[in-house]
Amino acid sequence: MKNSILYIFSLIISASFFSCNNSENSKNGDRGALASSAAEKVYVAPGEHDDFYAFISGGYSGNLTVYGLPSGRMFKEIPVFSQFPTSGYGYSEETKPMLNTSHGFIPWDDSHHPDISQTEGKLDGRWIFINGNNTPRIAKIDLKTFETTEIIEVPNSAGNHSSSFVTENTEYVVAGTRFSVPVPQQDMPINEYKGKFKGTLSFISVAPETGRMNIKFQLIMPGFDYDLSHPGRGKSHGWFFFTTYNTEEANTLLEVNASQNDKDFIAAVNWKKIEEYVNNGGGKMMPAEYAHNVYDDHTHTATSTMKKEVLTVDPTEVPGAVFLLPTPKSPHGCDVDPSGEYIIGNGKLSADLTIHSFTKMIDAIENKRFDGDAYGIPILKFEDVLAGTVKQAGLGPLHTEFDGKGNAYTTFFISSELVKWNVETQEVIDRQPNYYSVGHVMIPGGNSAHPFGKYAVSMNKITKDRYLPTGPELEHSAQLFDISGDKMELLLDFPTHGEPHYAAGIPAEIIKENSQKIYKLAENKHEYATIANGDARVERDGNEVHVYMTMIRSHFTPDNIEGIKVGDKVYFHITNHEQDFDVPHGFAMIGANNAELLIMPGQTKTLTWEPKKVGVWPFYCTDFCSALHQEMQGYIRVSPKDSNIDLSWSLGED
Ligand code: RUQ
Ligand code: CUA
């Protein structure tokens with residue numbers, strides 16, 4: 001008995017060994033030719049530029065990373081919601097206000113979905129928006145400077161996940177709550193969730209010229225979980241679609257209790273109708289507390305304003321504005337094709353992909369073919385809005401993107417693959433494995449009316465053996481596919497930073513010509529800037545000391561300062577006098593309990609330092625800026641608290 005079991009076991013092992021070996025062989029057999037053609041396709045010769053920028057969300061790093069495609073080279077990490085010692089973002093006095101919230105200073109977040117601004121359904125490359133999931137916020141990054149220039153907190157929200165997606169002309173950046181909560185927040189029993197907790201969908205207007213964000217209105221929806229969202233476009237411009245799960249309104253053991261209903265909903269919101277309603281005085285102001293933080297490029301300084309109220313809208317008071325489309329089963333991604341006709345609900349627990357038709361939806365609404373309501377919001381009939389299903393395409397569908405040539409690309413987490421299918425016929429055309437367990441896929445311009453269907457990037461949740469091991473923690477892995485032919489071709493693996501969820505890609509030429517090279521010193525309006533070298537000085541105000549310092553290759557002015565005392569609070573206001581591209585200087589002060597500063601040409605930044613010990617303490621430039629970089633240093637003499645050494649400073653004096 002034992003022997004025969006062992007025998008069978010060894011057969012299985014050797015069979016799988018051989019089959020594995022065989023497939024390895026054929027894989028390797030193909031690999032020579034395949035690998036060289038793939039290598040050619042991703043090779044960007046030294047000094048050449050990539051064709052696309054890819055902005056990849058950093059997930060729990062709170063930041064956004066910038067890559068080139070097809071090379072997979074990482075160019076930059078843009079700090080957004082997290083303090084970043086590399087540049088001093090969130091540590092410098094100027095940028096601390098960026099991380100202010102109604103909960104105080106929050107130096108971290110979880111960022112998921114970047115989306116690039118659009119004009120008439122085309123990427124315009126002006127700004128990129130990204131959500132903070134944990135302490136609900138939406139950030140805007142200026143694509144001239146690649147700096148975070150605005151962050152608005154979203155009140156009455158929790159787990160700001162169905163965010164941040166823009167409408168066709170960037171009229172709005174939209175943010176939906178994943179977790180429903182009491183609105184307004186209050187002390188109440190958790191088990192009274194059902195019917196009492198609410199889910200808010202926030203429409204944040206974006207001023208056409210300046211990009212300034214403002215919460216125009218919040219729709220107060222039933223207490224479901226609003227998972228993802230996408231704008232309508234073309235014929236469906238003016239609508240926004242949100243997937244929901246937990247329409248059961250469970251508040252415990254959601255893995256079981258929120259998987260009961262056969263169908264959840266996609267909520268279809270006619271935002272144009274609601275906009276009209278609020279423009280005519282509709283809606284109710286509700287007290288709310290949320291921070292609005294704005295960075296000014298000329299003062300190089302952020303300010304934080306605490307807002308006190310938000311305009312809310314009860315969907316039942318705007319007839320014809322919100323409808324529910326039944327969608328199997330706990331849908332995750334909510335994706336709209338480039339024509340605006342098809343709305344795809346990726347039911348995580350459903351075997352099939354559901355495709356709704358916008359035309360059929362409008363028809364059903366006009367003919368009032370409803371199937372009851374949820375809290376007064378009409379429910380449409382599944383069959384009435386269904387355009388079709390992709391049958392048995394894979395297991396665990398999450399997200400779909402489009403190539404602009406009539407094809408859709410859906411990721412399947414459980415079966416770990418990317419599946420290409422035809423949007424009209426709903427037939428599967430190709431499938432390629434992902435290593436391993438893919439989340440989102442990104443095609444440049446995929447969330448717009450005009451995608452650039454050359455590459456697809458899948459962002460995978462599990463890395464395992466794809467790279468050299470780095471202990472228990474591995475970076476996540478992205479995979480680049482050439483999608484220009486009928487079949488997808490895997491070209492490249494590359495590691496990503498944090499946990500990428502979504503990404504946004506754009507042809508390089510839309511951005512690179514506008515990329516700013518320096519800040520003009522003549523336009524520097526920083527309160528503590530030192531524009532003329534002769535104005536460099538040190539001033540005392542009680543125990544506060546303000547150092548007005550300049551930097552240029554290869555010295556600081558001043559470089560020797562005396563008369564600082566233990567117990568002082570020293571503010572180094574440092575202006576970089578360079579006016580050349582790519583000549584930042586750094587500033588590091590021994591014992592400073594914050595970070596360094598990396599100061600761009602023409603920019604002023606401030607670091608605080610509270611000396612704790614008597615002595616003579618050096619500071620230096622951290623960025624190798626010239627052959628005399630190592631000479632770019634200085635000293636601060638720190639005397640006892642009660643000393644009467646006068647304040648003095650100098651450069652080039654012995
Ligand atoms: S999610 S892996 Cu945060 Cu967009 Cu689906
Ligand atoms: Cu300045 Cu090194």
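Predicted model: local features only at pLDDT ≥ 70, side-chain atom pairs only at ≥ 80, totals over all residues.
Two or more lining residues come from each of β1 (52–57), β2 (64–69), β3 (74–78), β9 (147–153), α7 (508–512) and β42 (604–609). Strand β3 contributes the most, with 3 residues. By residue class, the lining of the largest pocket holds 20 nonpolar, 14 polar and 13 charged residues. Both domain 1 (43–514) and domain 2 (524–650) take part in this lining, with at least three residues each.

The second largest pocket has a volume of about 620 Å³. It is lined by 25 residues, and Asp142, Lys144, Asp297, His298 and Gln516 are the closest to its centre. At least two lining residues are supplied by each of β7 (122–132), β8 (137–142), β9 and β17 (284–296). The lining of the second largest pocket comprises 6 nonpolar, 8 polar and 11 charged residues.

Across the whole structure, 28 aromatic pairs were found. One of the pairs joins phenylalanine 52 and tyrosine 455 in an edge-to-face arrangement, with the ring centres 5.9 Å apart and the planes at 85 degrees. Phenylalanine 52 belongs to strand β1 and tyrosine 455 to strand β31 (residues 455–460), so this pair ties together parts that are 403 residues apart in sequence. Phenylalanine 52 is buried, at 8% relative accessibility, and tyrosine 455 is buried as well, at 5%.

Another pair, formed by tyrosine 528 and tyrosine 548, is tilted, with 5.9 Å between the centres and 45 degrees between the planes. Tyrosine 528 is located in the loop between α7 and β35 (537–541), whereas tyrosine 548 is in strand β36 (residues 544–552); the pair therefore ties together parts 20 residues apart in sequence. Tyrosine 528 is partly exposed, with a relative accessible area of 23%, while tyrosine 548, at 7%, is buried.

A single aromatic cluster is formed by Tyr172, Phe203, Phe217, Phe240, Phe242 and Trp271. Lysine side chains also lie over aromatic faces. Lysine 140 is placed over the face of tryptophan 127, at 5.4 Å from the ring centre. Lysine 517 is placed over the face of phenylalanine 581, at 5.3 Å from the ring centre.

How values were computed:
Residues numbered from 1 in each chain as written. Chains lettered and ligands numbered in written order. Heavy atoms only, no water. Helix = DSSP H or I, 4+ residues; strand = E, 2+ residues; numbered from the N terminus. Nonpolar A, V, L, I, M, F, W, Y, C, P; charged D, E, K, R; others polar. Domains from an automatic or database assignment. 1 Å grid on protein atoms, 1.4 Å probe; cavity = no way out; pocket = protein on both sides within 12 Å on 5 of 7 lines; lining within 4 Å. Points joined across faces, edges and corners; volume = space filled by probe spheres on them. Phe/Tyr/Trp six-rings, centres within 6.5 Å; stacked < 30°, edge-to-face > 60°. Buried < 20%, exposed > 50% of the residue type's maximum accessible area, 1.4 Å probe, protein only. Lys NZ or Arg CZ within 6 Å of the ring centre and 35° of its normal.
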